[in-house]
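Have the viewer open while you read.

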Amino acid sequence: MNLEKEKWKEVMELLSIEPVTLSPKISSAVRTSMTGLLHILARYKFAMKMMQNRDGIRIIDFGCNDGFGGLM
């Protein structure tokens with residue numbers, strides 16, 4: 001299994017433990033257009049790829065609005 005799929009599995013496990021309440025911004029993006037949500041997720045995917053193979057580091061997400069990608 002590649003790293004991307006492993007990380008997504010971890011996120012899904014975290015989400016199954018406790019319900020997630022979406023912020024007004026994310027809720028609006030989901031309700032009005034999935035493109036907005038996909039754009040947000042694409043940024044996090046890019047950042048995750050940039051940090052691939054760098055074990056033991058922590059990332060600070062400045063300007064993250066509501067921190068939606070914090071689980072990733």
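## The nonpolar patch

Helix α1 is the top contributor to the nonpolar patch, giving three residues. Helices here are DSSP runs of H or I with at least four residues, strands are runs of E with at least two, and numbering goes from the N terminus. Both α1 (3-17) and α3 (34-50) supply at least two patch residues each. Trp8 has its place in helix α1.

How does a patch get picked? Areas are Shrake-Rupley values with a 1.4 Å probe, and for residues only the protein chains shown count as cover.

## Where the model comes from

This is a predicted model, with local features needing pLDDT of at least 70 and side-chain atom pairs counting only at pLDDT 80 or more, while totals for chains, interfaces and linings use all residues. Residues are numbered from 1 along each chain as its sequence is written, and side-chain values use heavy atoms, leaving out hydrogens and water.

## The chain overall

The chain has three helices and zero strands, so the pattern along the sequence reads α-α-α. Of its 72 residues, 12% are buried, where buried means under 20% relative accessible area, exposed means over 50%, and partly exposed is in between (1.4 Å probe, protein chains only). The chain exposes about 6200 Å², and carbon and sulfur atoms supply 59% of that.

Take the contacts (heavy atoms within 4.5 Å) with a separation of 6 or more: 72% of them link residues 24 or more positions apart.

Which residues of α2 (residues 24-32) are buried? They are Ile26, Ser27 and Ala29. These cover an arc of only 160 degrees around the axis, so they lie on the same side of α2; the arc is taken from the directions from the helix axis to the C-beta atoms. Pro24, Arg31 and Thr32 are exposed on the face turned away from that buried side. The buried residues of α2 pack against α3.

In α3, the buried residues are Leu37, Ile40 and Tyr44. Their arc is only 70 degrees around the axis, which puts them on the same side of α3. Thr35, Leu38 and Phe46 are exposed on the other side. The buried residues of α3 pack against α2. With 17 residues, α3 reaches 24 Å from its first C-alpha to its last, close to the 24 Å expected at 1.5 Å a residue; the expected span is 1.5 Å times one less than the number of residues.

## After α3

Asp61 is in the segment after α3. Asp61 counts as partly exposed because its relative accessibility is 35%. Its C-alpha is separated by 9.9 Å from that of Tyr44, 17 residues apart along the chain.
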